[in-house]
Amino acid sequence: MIKAVFFDAAGTLLHLHGSVGQHYAAVARELGVDLSADALDQAFARAWTKAPRRQPIERARDEDDKPWWRDLVNAILSDLPNMPAVFDRAQFFALAYAHFAKPGVWALYPEVVEVLGLLARKFPLGIISNFDRRLREILLHLGIASFFCEVFISSELGADKPDPEIYRRVLSHRGLSGAEALHVGDDPERDWQAAAEAGMRVFRLERPRNSLFDVASYLGEMMGGRNKPRQAGGPSRNS
C-alpha cells in the first residue's frame, strides 16, 4: 500500500525557461559583459560532470550549500575562453544566485498542476531534491507549494542524490517503509537507482515516452487492485 508520493523537482515538475547558459549570459549583461551562452552551457556541463560527490553528514550543509554553488560557478567561469581580464566574480555569483529564484525563470511542465491536484486528494505529497532553500520560493512563484506536505532538500538533510541516504532519511522522518513510498523522477541514477536502493517504489519518468499522467494511472491500478503491483517503468507505459 502506497502511503506517500514523492517527486524530484527540476526535470520532473519544473524546468528552466531557456538554457543555463542563457541565464548566466543574462546575468553577465547586467554587469556590462557579453559572454557566450553556448560557451557557458558547455562549461556548465563540464563543471557539473566533474563536481565531486559528497559523503552524507549528520547535519545541514553550511550556508544552505551556497559555497558549493560558488565553487561550481567559479569552475564554469575559469573554463570559459576569452574571459575579460577584469571581471567581478563575487558580484556575478551574487546576482546569479538570486537570479535563479526569481519569478519567470522556472516553468512547470504542462500536466503538473492537474496531476498534483488529482494525487493530493488521495496521498500526502512531498519533494526530494538536490536543491537548497530557494526551491521553496520557486514553488511559491509557480503556485504549487500548497500541494506538498513537506519539501526535503539536500542542503538541509546533509545528503545528496545519488546517495540513497537522502531517501532513507526522508523515509525515517516520515515513519515510512520503502514499500510504502513512491518516488517519481527523471534521472536514471539520482532518482531511479538511488531511490530503489533505499527500498522505495520508483516511477521512471521519461518524457516524451510518458508523463506524470501515467503516475496517476499506475497508482490507480495499485490502489484498485486490478493488477499485481509491479515496478513502474515497463516497456509500454511505465505503469
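Reply: Glu 165 and Arg 169 are both part of helix α8, four residues apart, about one turn of the helix; helices (H or I, at least four residues) and strands (E, at least two) are DSSP runs, numbered from the N terminus. This is a predicted model, in which local features need pLDDT of at least 70 and side-chain atom pairs count only at pLDDT 80 or more, while totals for chains, interfaces and linings use all residues. Residues are numbered from 1 along each chain as its sequence is written, and side-chain values use heavy atoms, with hydrogens and water left out.

Me: What is the N to O distance in the salt bridge of Glu 165 and Arg 169?

Reply: A salt bridge requires a side-chain nitrogen of Lys or Arg within 4 Å of a carboxyl oxygen of Asp or Glu. The side chains of Glu 165 and Arg 169 meet in such a bridge, and the N to O distance is 2.9 Å.

Me: Is Arg 169 buried or exposed?

Reply: Buried means under 20% relative accessible area, exposed over 50%, and partly exposed in between (1.4 Å probe, protein chains only). Glu 165, at 22%, is partly exposed. Because the relative accessibility of Arg 169 is 15%, this residue counts as buried.

Me: Which residues join Arg 54 and Asp 160 in one salt-bridge network?

Reply: Arg 54 and Asp 160 form a salt bridge at 3.0 Å, N to O. The pair links distant parts of the chain, 106 residues apart: Arg 54 is in the loop between α2 and α3, and Asp 160 in the loop between α7 (154-157) and α8 (165-174). Through shared partners, the network of Arg 54 and Asp 160 also takes in Arg 61 and Asp 65.

Me: How are the rings of Tyr 24 and Phe 100 arranged?

Reply: Rings of Phe, Tyr and Trp (its six-membered ring) pair if their centres lie within 6.5 Å; planes under 30 degrees apart count as stacked, over 60 as edge-to-face and the rest as tilted. By this rule there are 11 aromatic pairs. The centres of Tyr 24 and Phe 100 are 5.6 Å apart with the planes at 80 degrees, so the arrangement is edge-to-face.

Me: Over which ring does the charged end of Arg 207 sit?

Reply: A charge sits over a ring if NZ of Lys or CZ of Arg is within 6 Å of the ring centre and within 35 degrees of the ring normal. For Arg 207, the charged end is 3.7 Å from the centre of the ring it sits over, that of Tyr 109.
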